[in-house]
Amino acid sequence: MARGSKHHDCPITSKTKRKFCSQPSQSVVDDGILEAGVDTGEEQASEPFTDADEPLSGPFPGGPHDPSVLKSFKSHVAAAIWFNKERDPLKLQNHSYKLTQWVFDEHVTNHKFWSYIDGSRLRPLVNCSYLIGNRVVVSAFCERWQPETNTFHLPFGEMTITLDDVFNILGIPIQGDSISVPEGVRLDKTYYASLLSSTLGVTIDEAKNEMSRYGGNGVTLEWLRLRFQSVSDDSSLEFIEFAARGFLLYILGCTLFVDKTGNRINVIYLHFLRDLNRVGRYAWGAAGLAFLYRQLGLASRVGCRQIGGYLTLLEAWIYEHFRNVVSPHLRVEYSENEPRVNRWEPRKDAGLSLVYVQALRQQLDHMQAHEVIWDPYRGHREAHPLLEITFYTGMLKCLDIVEPYYPDRVLRQFGRVQTIPRNPYTPSRVRRVSDSKSYEVVYEYFDGLWQRWRDHVLADANRSTPVKFSYDCTPEYLSWYQKITHPYVQHPDRVSAAVDSNEENHPLQGTLDEWHS
C-alpha cells in the first residue's frame with residue numbers, strides 16, 4: 001500500500017458549518033482539507049442489516065465505504081447507533097476498591113513481605129488504581145473501538161493505547177518474558193489444584209473445594225485476602241512467601257486481569273509467581289494490554305453490556321490524550337517521577353442516563369485533530385522514556401488471548417507524521433458477532449517472536465518523519481482513512497438537535513455544562 005512521504009496538517013473544520021458528503025473531492029484532499037463529511041446512507045437502508053453477524057461485503061451507510069478493514073462492523077455497537085438503536089452505558093467490572101480492603105496493620109513490620117512485592121515490579125498497581133470507574137467516558141470510547149485494528153477510530157484518524165502508554169501511565173514492565181504457559185503443561189483440575197497447593201500452601205482438598213465453589217479454575221479475591229492479610233515478619237519465611245504470592249495474585253485480579261466473573265481470579269497466574277525472584281522479569285504490562293484489547297473488542301459488540309480489563313489504564317489514557325474534552329482534575333501534588341496515572345483525579349459520573357453518553361459522543365464526533373494531546377509525554381521523556389520495544393509490531397499474549405499490536409497505525413502518538421499503515425493481520429479463526437459470548441478470535445502466535453522483539457520492531461524507514469504540528473499526516477492518509485472507517489458514531493439527522501453542541505440553544509447544553517463543571 002502506498003506510503004506518502006510528504007507530511008500534511010490534518011484538517012481543521014468549522015464545527016458550526018459541518019457538511020456531510022459521501023467522499024472528499026480530490027481537490028479538497030490535495031489542498032489538505034478533508035471535509036468532515038459522511039454519507040448518511042439514507043438511500044441504501046433505513047433499518048439495521050438483518051444479517052448483522054455476516055462479514056461486511058460492501059459499503060455501509062455512513063462508512064466504511066471500503067469493507068476490507070472493518071469486516072465485522074455490521075455487528076458493532078456503532079452500526080446499531082447509526083440506526084438509532086441505542087445501548088445503555090456499560091457496566092464496569094472495576095475491582096480497584098478491593099485493594100483498599102486488604103489492610104495491613106501499621107504497627108506490624110512486613111519488610112520481608114514487601115521486598116518480594118517490590119521485586120515483582122507490580123507494586124505501582126497497589127496505589128494507582130481509580131476506585132470508581134466512569135461509565136460515561138468508558139462507554140463513549142468503546143463505541144469507537146475497532147477490534148480489527150485494535151484502535152479507536154475518530155473523525156481524523158486512529159489512536160490506541162500503546163506499550164509506551166502502559167509503561168508511562170502505570171510504571172510496570174512492558175519488556176520481558178511473555179505470560180504464556182509452556183507447551184506440554186496439561187491444564188486440568190488436577191494441575192490447578194496442585195499449583196494452588198504448592199504456591200499458596202493449602203491442601204489439595206482445600207484447593208479443590210475453593211475452586212469448586214463457583215466452578216472453573218479460579219479462587220475468590222476475598223478468600224486470598226482473608227487467608228494471607230495477617231502476614232508479618234514474625235511469620236515463617238514459607239508463609240511470607242505464600243502470602244506474597246497470594247497478594248500478587250490478588251493485585252492482578254483487582255487490576256490487569258479483571259474479568260466478568262465479578263470477584264475471582266484464575267489460578268493459572270500462580271504459574272508465573274512460583275519463583276518470587278523472577279516475577280519482575282515478565283512483561284506484565286504487555287499482557288495487561290492484550291487482555292484490555294480483548295475486553296474492548298468484546299465491548300464493541302452491540303450485544304455486550306459490561307466490560308472488564310484494567311479500566312484505570314483506559315481512563316488514564318483518555319485523560320492524557322483527551323483532557324481538552326473530558327476535563328479531568330489535575331493533582332497539584334503530582335511529580336513527574338511518579339507513574340502518570342497519579343497525575344489525574346478521576347472524574348465521577350455526572351449521571352448514568354444515556355443522555356450523558358450521547359453528549360460526549362457528539363463532542364467526539366465534532367472533535368478536531370489539533371484538540372488531541374497526541375504525545376502527552378513529550379517534554380518529560382527523561383522521566384518517561386520512549387522505549388524501543390514500543391515499536392514492536394506483532395502479537396501480544398496473555399495466556400490464551402492473543403491480540404495484534406500496530407504502532408504504525410498511530411505514528412502521531414510518537415511524534416511522527418501519520419502515513420497509510422499496512423493491512424491488519426488476518427486471524428486464523430474469527431467470529432466477531434453481535435453476541436459477545438460467542439465472540440472468538442484466534443491469531444497464530446510463537447513465543448520466540450516476542451522474545452526476539454528487536455527483530456520485529458517497525459523499521460526506521462516506516463516510522464515516517466518528525467511532525468511539524470502534532471497532528472500532521474500525509475494527504476494520502478486522509479483520503480484512505482475516510483474510505484475504510486466509520487468516522488461519526490451519531491447519525492447527523494438523529495442527534496438530539498440539528499445544531500452544534502456548542503450553540504446556546506442546544507438541548508444538551510445543560511448536560512455539557514454539568515459535565516465540565
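This is a predicted model: local features need pLDDT of at least 70, side-chain atom pairs count only at pLDDT 80 or more; totals for chains, interfaces and linings use all residues.
Local features need pLDDT of at least 70 and side-chain atom pairs count only at pLDDT 80 or more, while totals for chains, interfaces and linings use all residues. Residues are numbered from 1 along each chain as its sequence is written, and side-chain values use heavy atoms, with hydrogens and water left out.

Q: Why is helix α5 largely enclosed by the rest of the structure?
A: Helices are DSSP runs (H or I, at least four residues), numbered from the N terminus. Buried means under 20% relative accessible area (1.4 Å probe, protein chains only). Helix α5 spans residues 135-142 and is largely enclosed because, of its eight residues, the number buried is seven.

Q: Which residue caps the N-terminal end of α5?
A: The backbone nitrogen of Val136 lies 3.1 Å from a side-chain oxygen of the capping residue. Val136 is itself among the buried residues of α5. The cap is Asn134.

Q: How many residues of helix α12 are buried?
A: Helix α12 covers residues 311-321 and is mostly covered. Its buried residues include Glu315, Trp317, Glu320 and His321.

Q: How many nonpolar residues are in the lining of the second largest cavity?
A: A cavity is a set of points on a 1 Å grid over the protein atoms alone where a 1.4 Å probe fits but cannot get out, and lining residues have an atom within 4 Å of a point. Among the lining residues are Ser178, Ile179, Lys397 and Trp450. Ala, Val, Leu, Ile, Met, Phe, Trp, Tyr, Cys and Pro count as nonpolar, Asp, Glu, Lys and Arg as charged, and the others as polar. Beside one polar and one charged residue, the nonpolar count is seven.

Terms used:
Buried means under 20% relative accessible area, exposed over 50%, partly exposed in between (1.4 Å probe, protein chains only). Helices (H or I, at least four residues) and strands (E, at least two) are DSSP runs, numbered from the N terminus. A polar contact is a pair of N or O atoms within 3.5 Å; within protein, one must be able to donate a hydrogen and the other to accept it, and residues adjacent in sequence count only if both atoms are side-chain atoms. On a 1 Å grid over the protein atoms alone, a cavity is a set of points where a 1.4 Å probe fits but cannot get out, and a pocket is an open set with protein on both sides within 12 Å along at least five of seven lines; lining residues have an atom within 4 Å of a point.
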